[in-house]
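Here are my notes on this model. Please read them with the coordinates open.

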Amino acid sequence: CGGLGVHAEGRTLPDVLVGGRQGRLVLAYLACERSRAVRKEELADLLWPDRLPESWSASLSAVVSRLRRLLIEAGLDGGEAITSTGGAYRRVLPPDAVVDLDELEAAVAASEAAVAARDVDRALEAATTAETIGARGFLTDDCEWVDRQRDVVRVLRLRAALARSAAHIVGGRPARAVEAARDALALAESCEAAYRQLIGGLAATGERAEALRAWERCRAALVEE
């Protein structure tokens, strides 16, 4: 999320050193799909979705070779970090490695679980962590896979905002719940759950007329959707 970079052994390799657009996409894709081996053809479709160049295999190998060298410079074992076997690549991370997209997913799940347990402080802490990571966005490049990942991040941000709103409701702070519900609606303008929390929070603060207007906006949004 945000600017892609590799941080290891006290060194930082920002995205400008990762090998341009192709290097960023390959590194991010292998990191996100590290639980499996990714075939070269799959990476080729990622880099050249419209038309494969005749020398795509050699070009892809060059991109991966550059990534290996950069990972070695960052203090990682390049041969182990990106393995190659049977026409496929796999990104193997050290046991203590951190991918912030995983942190985002974990924080959202922790926040929702804390809301269910009525642990307001833990829910708010986890939701804030998730929203901070998610607000960075996902990469800066445009392609079909990146767009799908951005949708994933947006949904996670929405769930975090809803959890924050629910936590404030549990904590007896309806005005803060209203703020969080509006943050959720900014991410998904026809989200019925966000409208429910917005309407409930407004009613709890005595803003009955505003709550009714929010109900009308919700009805209109759902009809249009």
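1. Basis. This is a predicted model; local features need pLDDT of at least 70, side-chain atom pairs count only at pLDDT 80 or more, and totals for chains, interfaces and linings use all residues. Residues are numbered from 1 along each chain as its sequence is written, and side-chain values use heavy atoms, with hydrogens and water left out.

2. Main core. The largest nonpolar core has 42 residues. (Such a core is a set of buried Ala, Val, Leu, Ile, Met, Phe, Trp, Tyr and Cys residues joined through side-chain atoms within 4.5 Å; buried means under 20% relative accessible area, exposed over 50%, partly exposed in between, with a 1.4 Å probe and protein chains only.) Two or more residues each come from β1 (5-8), α1 (20-32), α2 (40-47), α3 (56-73), α5, α6 (120-134) and α7. Helices (H or I, at least four residues) and strands (E, at least two) are DSSP runs, numbered from the N terminus.

3. Leu 46. Leu 46 is among the residues with the most contacts inside the largest core, as are Val 26 and Trp 145. Leaving aside neighbours within four places in sequence, Leu 46 touches Leu 25, Val 26, Tyr 29, Cys 143 and Trp 145 (contact means heavy atoms within 4.5 Å).

4. Second core. A separate core of 17 residues includes Ala 161, Ala 184, Leu 185 and Leu 202.

5. Rings. There are 2 aromatic pairs. Phe 138 and Trp 145 pair edge-to-face, at 5.6 Å centre to centre and 75° between the planes. (Rings of Phe, Tyr and Trp, its six-membered ring, pair if their centres lie within 6.5 Å; planes under 30 degrees apart count as stacked, over 60 as edge-to-face and the rest as tilted.) Both Phe 138 and Trp 145 are buried. Ring pairs join them to Tyr 29 in a cluster.

6. Ser 111. This residue sits in α5 (residues 100-116). Ser 111 is buried, with a relative accessible area of 1%. Beyond its neighbours within four places in sequence, its contacts are Ala 123, Ala 126, Ala 127 and Ala 163.

7. Helix α9. Which residues of α9 are buried? They are Ala 194, Tyr 195, Gln 197, Leu 198, Gly 201 and Leu 202. They lie on the same side of α9 because they cover an arc of only 165° around the axis, taken from the directions from the helix axis to the C-beta atoms. Their cover includes α7 (144-170), α8 (174-187) and α10 (208-224). Exposed Arg 196 and Ala 204 are on the face turned away from the buried side. Just after α9, Gly 206 takes a positive phi of about 90°.
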